[in-house]
Amino acid sequence: MTTPQFYCQYCMASLLGKKYVLKDDNPYCVSCYDRIFSNYCEECKEPIESGSKDLCYKGRHWHEGCFNCTKCNHSLVEKPFAAKDERLLCSECYSNECSSKCFHCKKTIMPGSRKMEFKGNYWHETCFVCEHCRQPIGTKPLISKESGNYCVPCFEKEFAHYCSFCKKVITSGGITFRDQPWHKECFLCSGCRKELCEEEFMSRDDYPFCLDCYNHLYAKKCAACTKPITGLRGAKFICFQDRQWHSECFNCGKCSVSLVGEGFLTHNKEIFCRKCGSGVDTDI
């Protein structure tokens, strides 16, 4: 009886009594199979032969002996590892090179562990605590000061000012008027109720007023131009009897020379320099 022939699918060499590999139900001699189908190792660039273990990660292949940390060269076979810029690193090297450091304890925040981020810094979850009560803050609201981070109840207890108007806590910002704290949105004109936090304002009897309301309700009017005299930014004005002038408006009614710091004469509602007033029946 004749023995059936059994050939390599590629080189057609007889496979009788030899090792072979099946690929898609077709037999190949080991030599042909390795040459045609073997993957190449990322590390040594040599083919991973059929008799060797082929380790694969994201479409890349390594010999078992080549599958090592690119920094410390320790084997990664059956050990946790991470990838950084296509480099494979063991957990320890990855942590030292890539992981964040805790802002509080300065130790590495290990990959996979929960970390808290605030203002560009990182904490272990157990290190991110209220500076006063030492309880973890987690994702709860917090208020930050130079001395540390505080949960809202501790901040209100230790530091908070209360708005003079609404009596609620001022957590950030705010302004001070007459030594009293105010929320910016609560500091309003006592007349028209518009916000004054970025406006010039005047006060009357400890109440703030916008310039329009103050000028309308209280400001004296210049006897010359009839515009309000506010005294803002150190502006000077002149008072005589029951009349007031802006300093730039206190001029001779005839020649318009400034009378500030000079002697002057009056006639009815007019004021004159001595020269112009000498020809007018004036009041002393």
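Phe-187 is buried, at 1% relative accessibility; buried means under 20% relative accessible area, exposed over 50% and partly exposed in between, with a 1.4 Å probe and protein chains only. The model is predicted, so local features need pLDDT of at least 70 and side-chain atom pairs count only at pLDDT 80 or more, while totals for chains, interfaces and linings use all residues. Residues are numbered from 1 along each chain as its sequence is written, and side-chain values use heavy atoms, with hydrogens and water left out.

A pair of aromatic rings is described by the distance of the centres and the angle of the planes. Here, rings of Phe, Tyr and Trp (its six-membered ring) pair if their centres lie within 6.5 Å; planes under 30 degrees apart count as stacked, over 60 as edge-to-face and the rest as tilted. The structure holds 19 aromatic pairs. One of them joins Trp-62 and Phe-67, which are edge-to-face because their planes stand at 65 degrees, with the ring centres 5.2 Å apart. Trp-62 is buried at a relative accessible area of 5%, and Phe-67 is buried at 6%.

The rings of Phe-187 and Phe-201 also pair: their centres are 5.2 Å apart and their planes meet at 75 degrees, so this pair is edge-to-face. Phe-187 lies in the loop between β14 (180-182) and β15 (201-204) and Phe-201 in strand β15, so the pair ties together parts that are 14 residues apart in sequence. Strands (E, at least two residues) and helices (H or I, at least four) are DSSP runs numbered from the N terminus. Phe-201 is partly exposed, at 29% relative accessibility.

Trp-62 and Phe-67 also belong to one aromatic cluster with Tyr-57 and Phe-81.

Rings also take part in contacts with lysines. A charge sits over a ring if NZ of Lys or CZ of Arg is within 6 Å of the ring centre and within 35 degrees of the ring normal. The charged end of Lys-106 is placed over the ring of Phe-103, 4.8 Å from its centre. Lys-115 lies over the face of Tyr-122, at 4.3 Å from the ring centre.

On the scale of the chain, the domain assignment gives domain 1 (20-91), domain 2 (174-216) and domain 3 (221-278); such bounds come from an automatic or database assignment. The C-alpha centres of domain 1 and domain 3 lie 99 Å apart. Glu-86 lies in the loop between β5 (81-84) and β6 (87-90) and is exposed, with a relative accessible area of 66%. From Glu-86 to Ser-258 the separation is 172 residues in sequence and 83 Å in space, C-alpha to C-alpha.
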